[in-house]
Amino acid sequence: MSGIEERLARVEHELYPNSGESLRDAVDLANARLARLCPDDEEPPPPDEPPASS
């Protein structure tokens, strides 16, 4: 049983933010960078209309 508990502890470590070492930290960082590149303040075009060119 201790092997399963150790594996579970390693998985749980990845699910919560810590000092930048977890998978959760990597996902949060990627989301923050993506939010800067693609802010949500723009409304997406309706499905029938083509996207406006920039």
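Which residues form a nonpolar patch on the surface? Before I answer, some remarks on the model.

This is a predicted model, in which local features need pLDDT of at least 70 and side-chain atom pairs count only at pLDDT 80 or more, while totals for chains, interfaces and linings use all residues. Residues are numbered from 1 along each chain as its sequence is written, and side-chain values use heavy atoms, with hydrogens and water left out.

Let me begin with the overall picture. The protein has two helices and zero strands; helices (H or I, at least four residues) and strands (E, at least two) are DSSP runs numbered from the N terminus. Of its 54 residues, 4% count as buried. Here buried means under 20% relative accessible area, exposed means over 50%, and partly exposed lies in between, with a 1.4 Å probe and protein chains only. The protein exposes about 5200 Å², of which carbon and sulfur atoms supply 57%. Accessible areas come from the Shrake-Rupley method with a 1.4 Å probe, and for residues only the protein chains shown count as cover.

I return to the opening question. The patch consists of Val11, Leu15 and Tyr16, with about 320 Å² of accessible area together. Patches are made of residues with over 30% relative accessible area and no salt bridge; like charges are joined within 9 Å, and nonpolar side chains (Val, Leu, Ile, Met, Phe, Trp, Tyr) within 5 Å. Val11 belongs to helix α1, residues 2–15, and counts as partly exposed because its relative accessibility is 48%.

Next, the charged side chains. Side chains of opposite charge can pair when their charged atoms come close. A salt bridge is a side-chain nitrogen of Lys or Arg within 4 Å of a carboxyl oxygen of Asp or Glu, and by this rule the count comes to one. In that bridge, Arg24 meets Asp28 at 3.2 Å, N to O. The two residues are four apart in helix α2, so about one helical turn separates them. Arg24 is partly exposed at 36% relative accessibility, and Asp28 is partly exposed at 32%.

The side chain of Asp25 does reach the backbone nitrogen of Gly20, at 2.9 Å.

Asp25 also has a partner in Ser22: their side chains make a polar contact at 3.1 Å. A polar contact is a pair of N or O atoms within 3.5 Å; within protein, one must be able to donate a hydrogen and the other to accept it, and residues adjacent in sequence count only if both atoms are side-chain atoms. Ser22 lies in the loop between α1 and α2 and is buried, with a relative accessible area of 4%. Neighbours within four places in sequence aside, Ser22 is in contact (heavy atoms within 4.5 Å) with His13, Glu14, Tyr16 and Pro17.
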